[in-house]
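Please take a moment to look over the chain and its fold. The paragraphs below then lead through it step by step.

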Amino acid sequence: MEAMKKVLSNSDTANKRLEFPVRSLPAFPMPDGQNSMEFVAFDRLQKPWKFKVSIRNEGRYRKPWLKGEWDDYVHQKGLKKGDKVIFTMDDQENGDRIYYIRAERKLFGFWYSIDQQ
């Protein structure tokens, strides 16, 4: 099931964090009273990446962002403005949730995986 999808902005690739849509927050449940949650997402090569989703404690808008190993992921995959990142999740029978991440680049009107690195 898709948890979050975003075409990357320059800010997403340069500022060591990914800002993403509020509508994706339900896929990343935060413990009561907390403004963040940590999780591991596996890329197509089954490499684990540690991420942390956070929201503002104050203010009118929740404005979620993702940090953790995001900057390392951006550099290893060679991501740039206009590329797309997709998080998916799989709920297990035992209640665990497994996350996956993949990156794509648009070439000649089609999206192609760039997860070979």
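This is a predicted model: local features need pLDDT of at least 70, side-chain atom pairs count only at pLDDT 80 or more; totals for chains, interfaces and linings use all residues.

Residues are numbered from 1 along each chain as its sequence is written, and side-chain values use heavy atoms, with hydrogens and water left out.

Helices (H or I, at least four residues) and strands (E, at least two) are DSSP runs, numbered from the N terminus. Strand β1, which spans residues 2-7, pairs with β6 in the antiparallel sense over five bridges; two strands count as paired if DSSP finds at least two bridges between them. Val7 has Lys84 of β6 as its bridge partner. β6 also pairs with β7, again in the antiparallel sense, over eight bridges, and here Met89 has Tyr99 of β7 as its bridge partner. The hairpin of β6 and β7 has five residues between the strands, and Gly95 takes a positive phi near 95° in this hairpin. Six of the eight residues of β6 are buried, so that the strand is mostly covered; buried means under 20% relative accessible area, exposed over 50%, and partly exposed in between (1.4 Å probe, protein chains only).

Charged side chains come next. Side chains of opposite charge can pair when their charged atoms come close. The structure holds eight salt bridges, each defined as a side-chain nitrogen of Lys or Arg within 4 Å of a carboxyl oxygen of Asp or Glu. One of them joins Arg105 and Asp83, at 2.7 Å from N to O. Asp83 is buried, at 2% relative accessibility. Lys6 and Asp12 form another salt bridge, with their closest N and O atoms 2.6 Å apart. Lys6 counts as buried at 19% relative accessibility, and Asp12 is buried at 1%. Lys84 is linked with Arg102 and Glu104 in a network of salt bridges.

At the surface, Leu107, Phe108, Phe110 and Tyr112 form a nonpolar patch with about 520 Å² of accessible area together. Tyr112 lies in strand β8 (residues 110-113) and is partly exposed at 42% relative accessibility. Patches are made of residues with over 30% relative accessible area and no salt bridge, like charges being joined within 9 Å and nonpolar side chains (Val, Leu, Ile, Met, Phe, Trp, Tyr) within 5 Å. Accessible areas come from the Shrake-Rupley method with a 1.4 Å probe; for residues, only the protein chains shown count as cover.
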